[in-house]
Structure formats: C-alpha cells, structure tokens
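Hello,

Here is the structure I promised to hand over. Please open it first, then read the notes below.

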Amino acid sequence: MAKRMRLDKLLSNMGFGSRSEVKIAVKQGRVTVDGVRAKDSGMQLDPEKADVVIDGERVVYQDVIYVVLNKPQGVVSATEDSRDRTVIDLLADADRVLKPFPVGRLDKDTEGLLLITNDGALAHDLLSPKKHVPKTYEANVLGDVGEDDIRAFAEGVALDDGYLTMPAQLRIDGKEEREDGVYSRITLTIHEGKFHQVKRMFESVGKNVVYLRRVAMGPLRLDETLPLGQYRALTAEELEALFAVRTARTD
Ligand code: URA
C-alpha cells in the first residue's frame, strides 16, 4: 500500500531541520519533488517513491533506526528521566526523530554495549526470556573469585529474592592485590536479564562488583573503537545477525 506523508514531515524526520526550518527551505525554492520545485511544504507524497532533493542532496527515506552506543557511566537507560541524563540524550537531534529507545537496561554505573532502536518487534525478541539471548560482561570484583564461583555460576545461584539463575559461564581473567583486598577481573556470560543480575550473582557468593561493562549481546560485540558516549549505525552484517536471532527457534 502506498504511504502518504507531508513533505515537511519527511524532511524534518530525515534530519534536514525542524518543521519550520524545512518550511523556509521550501519557500526559498531549495526543495524539488520528482524534479519539480516544491511550492507547498504540506504537500502529500509517498516517501518511499518520491524523489526528493534538498539543497542538491537526495533524501533517502528511512523509518527505522538501529544504533549501538558505548554507554558511559552516569546516564540512565531510559528515554526520559526527570533527574538524570538518558542514553537518548546522547543522540544527535536527527537520530532522535524516529523515537528510538534502548533495548533493555544497563545500570547507571554500567558501561558498554547498548542497542538503541525504534524496532519494537526486534527489541521484544531480543529481550524475550524464551530466546535466552546471551549477554557477556566484563567486571572488576572485590573478592577472590575462584573455581568454586565458576562451578556455582555454572549450576545456578540463588539471588536475594530466591530466584535461581540459569547456568552462566564465568572466566577469571586476572587478580590484583590492593590495600582493601583482592580484586578479580572476570568475564561472565548470562542467558537471561534479571534486574542488577551480575551484581546480585556476585553478592550471592559474598563478592562485590566495583566496575561493570557489557561487551556482547547476542551476535553484537562492543566496538572497541567507539569512545564512551559515542554511537554508530549497525552495519549490514550486524543487522543480518540480529535478525537471525529473531527467527531462531526457541525450543
Ligand atoms: N547486571 C548488572 O548488575 N547490571 C547491569 O547493568 C547489567 C547486568
């Protein structure tokens, strides 16, 4: 079915300025539709078929957005918050137009990989408890993490509310002796996403996570070239791999 959209909405949604700015651009004769200078910024068109050019630049219509952010500490994984800056505040205005939201939550003090999209169906599948999408975290833990913990996490541990976690894979990457005790660097892969899960799993074995970052979610890996607070669009390969998660059987 043909889509209908106002010219000014198309232009502002694709990041060419606010509605009033693009209205001015139309008035100034800087916009053509199918080769003809547009006169009315409210004209209706099919955004998938119309050939729209502004200031010599062809407008490519897109109604979905998929980006990966290297989340810094101090921002919350929400679209709005009355107190804190949100991960959406880190996006450029043009990237906020399509109303993206974070897929799942990282704590305010957790860093790393966060997928942001407006694709509700994909988000739903990635977060579905049935899909068991793996999430991998690196952490610095106050405490001497050992073989007992690897075994306990592999079997499942009881969280503070009694919930028994699914088998998780724990690897010890290094240890450091400091004044207040031994710190362990670890990598942990979990297949579910309970609230504060990694921190609570370590609490259940008497240890404290002092630093946490996510390095993988399903097929996505944290792009180490992305500085904290920066984001980029998913590559075609990443998108394809994510969509494979959507169609994967869960039984
Ligand atoms: N587990 C946590 O404890 N915090 C996070 O942000 C993510 C997983």
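In strand β12, Thr 187 is the bridge partner of Glu 138. Strands here are DSSP runs of E with at least two residues, helices are runs of H or I with at least four, and both are numbered from the N terminus. This is a predicted model: local features need pLDDT of at least 70, side-chain atom pairs count only at pLDDT 80 or more, and totals for chains, interfaces and linings use all residues. Residues are numbered from 1 along each chain as its sequence is written, and side-chain values use heavy atoms, with hydrogens and water left out.

Strand β10 (residues 135-142) comes next. Eight bridges join β10 to β12 (residues 181-190), and the two run antiparallel. Eight bridges also join β10 to β13 (residues 208-217), again antiparallel. There, Asn 140 stands opposite Tyr 211. Two strands count as paired if DSSP finds at least two bridges between them.

Six of the eight residues of β10 are buried, so the strand is largely enclosed by the rest of the structure. Buried means under 20% relative accessible area (1.4 Å probe, protein chains only); exposed is over 50%, and partly exposed lies in between.

Now helix α6 (residues 197-204). Six of its eight residues are buried, so α6 too is largely enclosed. Among them are Lys 199, Arg 200 and Phe 202. Their cover includes β10, β12 and β13. Gly 206 follows α6, with a positive phi near 75 degrees.

Last, Glu 238 sits in helix α7 (residues 236-247). Glu 238 is buried, at 15% relative accessible area.

Best wishes

Terms used: Contact = heavy atoms within 4.5 Å.
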